[in-house]
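User: I would like to learn how to read the main features of a chain like this one. Please take them one by one.

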Amino acid sequence: MAGRGRVWRIGAAGLCLLLPLTGCGGRTAADSARAEVQHVLDRRAAALVAHDASAYGETGTRAEYARLRALPLASWSYRVTGVHRTSSGATADADLRYRVAGYDRAPVDVRRTLTLGRGAGGAWYVTADRPARRAGQQLWDQGTVTAVEGARSLVLGTGRPRAELRAFARMADRAAPAVSHEWGTDWSGRVVVLVPRSLAGMAGLLGSPASDYRGIAAVTTGEAGGSGRTPADRVVVNPEAYAGLGDVGKQVVLTHETTHVATRAHTTAATPLWLSEGYADWIGYLGAGRAPRAIAPELARAVQDGRAPGALPGDKDFGFTGDPTELAQAYESGWLACRMIADDWGAARLGAFYRAVGAHGKRPGAVEQALRKVLGTTPQRFTARWRDYVTKRLG
């Protein structure tokens, strides 16, 4: 058969004539190395979860252990996908799956590249563990992780004072019940917040250029630096932009991002950004005591200048790399659309509308169907009503 080494047996001893790297019975040297490396990584993972520094050290460098030991882990495992021999040892490609105890319903799945050496007795040991090419960093790649746990939150930081992380935990603890009060309790009610050292650290976690997030106080990602396949949300903070906000602004940001965590299961390809971002802003600003013109200054300026928008913003209007004024107007427009629904139809109907749009599964027809079934209106009437609402509130 193609791809299989042919084995010829001669006499009782059995002489194997085979393709390179293939042993009797079809096992290759590459298979053997992969199995050996997998065994080492299994031991390493078990030692980390058990907080056994000595056993961890027996498998190689302890640098990651020192950085990781504050992270409350429910599970940690590697699956080796490839081993590549080098002059000094080998590199291994691996899928790392880990779960934070009490927060992650499913493991985070990230790609890693490990460098290995080989001892005098032939045993493999790990010399480095880093993100795979084009994979985002994990927080511990940037330094020692400090963990602060609140009543409903876990704040993980690198290079930040513990007192600052405690302040994040207090705000996240206020955000979670505020979101549940409006959205409901069909989510974990808990949030993980990552606070890196700098904007560059935030960009490293997200695997994108720092310029994409300059001026953005925080984002929520399905999994920072991960594959996007598992429901393990992280709120990732830009400490430089966040520091420039007042107390109210800081709380609004944390509540906004916590809303994204809560609504994740109902946010699909069918959900337009004006709805997902507008809804998060609507909950974020509840109780903030700010007038509409203070919350939507760029849109208010446009209305007063006779440049009121004629349509709700499209997804492209929410791009972080676009014009800052247009980005602000997009967020403000989505917020006012959701505020209008809550004012005119009620908060419960707003939540039902959000769920109905996401349940459609695909974008075409999703908003139209939800407008008809949940709000009893059409896109044309809804848009006209929104334009009138914007003009009255901001004019």
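Analyst: We go from the overall fold to the sheets, the core and a few single residues. This is a predicted model, where local features need pLDDT of at least 70, side-chain atom pairs count only at pLDDT 80 or more, and totals for chains, interfaces and linings use all residues. Residues are numbered from 1 along each chain as its sequence is written, and side-chain values use heavy atoms, with hydrogens and water left out.

User: How many helices and strands are in the chain?

Analyst: Helices (H or I, at least four residues) and strands (E, at least two) are DSSP runs, numbered from the N terminus. The chain has 14 helices and nine strands.

User: What share of the residues counts as buried?

Analyst: Buried means under 20% relative accessible area, exposed means over 50%, and partly exposed lies in between (1.4 Å probe, protein chains only). Of the 395 residues, 47% count as buried. The chain exposes about 18,500 Å², and carbon and sulfur atoms supply 50% of that. Those areas come from the Shrake-Rupley method with a 1.4 Å probe; for residues, only the protein chains shown count as cover.

User: How do I read the sheets?

Analyst: Strands of a sheet pair through backbone hydrogen bonds, either parallel or antiparallel. Here two strands pair if DSSP finds at least two bridges between them. Angles run from 0 to 180 degrees between N-to-C directions, with axes fitted as lines to C-alpha atoms, for helices over the stretch in contact. Strand 3 (residues 108-118) joins strand 4 through seven bridges. Arg 118 has Trp 124 as its bridge partner in strand 4.

User: In what order do the strands of the five-strand sheet run?

Analyst: The order is 5-6-7-9-8, in an open sheet with mixed pairing. Strand 5 (146-149) and strand 8 (218-221) are the edge strands, each pairing on one side only. The twist here averages 20 degrees from one strand to the next. Strand 8 and strand 9 (residues 234-237) pair antiparallel over four bridges. Val 219 stands opposite Val 236 in strand 9.

User: Which residues have the most contacts inside the largest nonpolar core?

Analyst: In soluble globular proteins, nonpolar side chains tend to be buried together. A nonpolar core is a set of buried Ala, Val, Leu, Ile, Met, Phe, Trp, Tyr and Cys residues joined through side-chain atoms within 4.5 Å. The largest one has 106 residues, and those with the most contacts inside it are Trp 76, Phe 168, Val 193, Trp 274, Phe 353 and Phe 382. Helix 11 (residues 324-345) gives the most to this core, with 11 residues. Contact means heavy atoms within 4.5 Å. Beyond four places in sequence, Val 193 touches residues including Leu 154, Phe 168 and Val 235.

User: Is Thr 263 buried or exposed?

Analyst: Thr 263 counts as buried, because its relative accessibility is 1%. The residue lies in helix 7 (residues 247-263). Leaving aside neighbours within four places in sequence, Thr 263 contacts Trp 183, Tyr 279 and Tyr 354.

User: Where is Arg 197?

Analyst: Arg 197 sits in the loop between strand 7 (191-195) and helix 5 (199-206). Arg 197 is partly exposed, with a relative accessible area of 47%.
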